[in-house]
Amino acid sequence: LNRIIAEIDSNWRSGFNTEAEALRGQEGFVGDISQKLTGLQGPPGTGKTYTVAPAAVVRALSYNGDEAFTGVVSAHAHDAVDEVLDDVNDVLETLDSVGSLPQSVQLLRLHPGSDSGGSEYIDGQFISHYSYSDEREALSELFEDHLEGASEPMLVFGPPMTIRGFVDKMAKVGTIDGEDVDTLIENGNAALFQYALVDEAS
């Protein structure tokens with residue numbers, strides 16, 4: 001874990017706020033793997049983008065639970081989600097290029113339909129795009145394989161309503177136990193992700 005953080009730090013330091021107090025906070029945020037929910041906010045120019053991406057990667061790579069790691073990364077709009085997705089992919093590609101990526105991380109970008117919903121399709125070595133409406137069967141199979149013990153961590157990206165639609169579809173086709181997302185929430189079974197990162201300031 002320390003080696004991964006050091007590699008991220010050396011490759012992403014230029015984006016960090018250079019004020020000592022703010023920098024310590026960013027480094028602590030990236031390295032704190034104990035939180036299941038992370039919210040990040042701050043004014044423009046404080047290094048949020050350069051902090052969110054390595055934080056998500058560190059959490060995915062450091063997870064040592066019994067189930068496969070599934071994290072969710074969300075922001076209020078598709079373009080904000082895509083910005084974080086692109087940065088997370090960049091962190092993974094950087095780690096891979098210097099030989100410090102201990103395992104691959106699957107980045108799953110969700111879209112509500114075949115139309116990208118206002119987002120561009122970001123390309124990257126670790127990125128897959130799926131429509132939860134139009135590609136329900138393929139997405140269900142992928143997610144079911146992941147939940148049944150895939151060793152590769154997965155980060156799921158989308159705005160809140162897209163994530164909700166995805167969970168609803170997966171419940172309705174039986175990939176997730178429950179009739180639909182409302183039933184999951186009512187029964188207290190909605191904790192499908194080991195980690196959630198919400199970019200509040202995008």
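## A salt bridge within one helix

Let's start with a pair of charged side chains: lysine 172 and aspartate 168 form a salt bridge, and their closest N and O atoms sit 3.1 Å apart. Both belong to helix α6, where a spacing of 4 residues puts about one helical turn between them. An α-helix has 3.6 residues a turn, so residues three or four places apart point the same way.

The two partners have their own surroundings. Lysine 172 counts as exposed, because its relative accessibility is 52%. Aspartate 168, with a relative accessible area of 13%, is buried; the cut-off for that label is under 20%.

The protein has an average pLDDT of 76, and 68% of the residues score at least 70.

One stretch calls for some care. Over residues 15-24, pLDDT stays under 50, and the model has 14 contacts beyond four places in sequence for them. Where pLDDT is low, the predicted coordinates should not be read in detail.

The structure holds 3 salt bridges. Another one joins aspartate 82 to arginine 109, with 2.8 Å between the closest N and O atoms. Aspartate 82 is in helix α4 and arginine 109 is in strand β3 (residues 106-111), so this pair ties together parts that are 27 residues apart in sequence. Are these two partners buried or exposed? Aspartate 82 is buried, because its relative accessibility is 4%, and arginine 109 is buried too, with a relative accessible area of 0%.

Then there is aspartate 182, which forms a salt bridge with arginine 164; here the closest N and O atoms are 2.5 Å apart. Since aspartate 182 lies in helix α7 (residues 181-186) and arginine 164 in helix α6 (residues 160-172), the pair ties together parts 18 residues apart in sequence. Aspartate 182 is partly exposed, at a relative accessible area of 38%, and arginine 164 is partly exposed as well, at 33% relative accessibility.

## Helix α4 up close

Helix α4 has 20 residues and spans 28 Å from its first C-alpha to its last, close to the 28 Å expected at 1.5 Å a residue. Its buried residues include His78, Asp82, Asp87, Val88, Asn89 and Leu92. Just after α4 comes glycine 99, which takes a positive phi of about 75 degrees.

The largest nonpolar core has 28 residues, and the members that touch the most others are Val88, Leu92, Leu107, Leu155 and Phe157. Which elements give two or more residues to this core? They are α3 (48-62), β2 (70-75), α4 (78-97), β5 (154-157) and β6 (195-199). The largest share, 8 residues, comes from α4.

Take valine 88 as an example. Setting aside its neighbours within four places in sequence, valine 88 is in contact with Ala53, Ala56, Val57, Leu107, Leu155 and Phe157. There is also a second, separate core of 20 residues, with Met154, Ala171, Val181 and Leu192 among its members.

Definitions and conventions: Residues numbered from 1 in each chain as written. Predicted model: local features only at pLDDT ≥ 70, side-chain atom pairs only at ≥ 80, totals over all residues. Heavy atoms only, no water. Core = buried A, V, L, I, M, F, W, Y, C linked by side-chain atoms within 4.5 Å. Buried < 20%, exposed > 50% of the residue type's maximum accessible area, 1.4 Å probe, protein only. Contact = heavy atoms within 4.5 Å. pLDDT = per-residue confidence, 0-100. Expected span 1.5 Å × (residues − 1). Salt bridge = Lys/Arg side-chain N within 4 Å of Asp/Glu carboxyl O.
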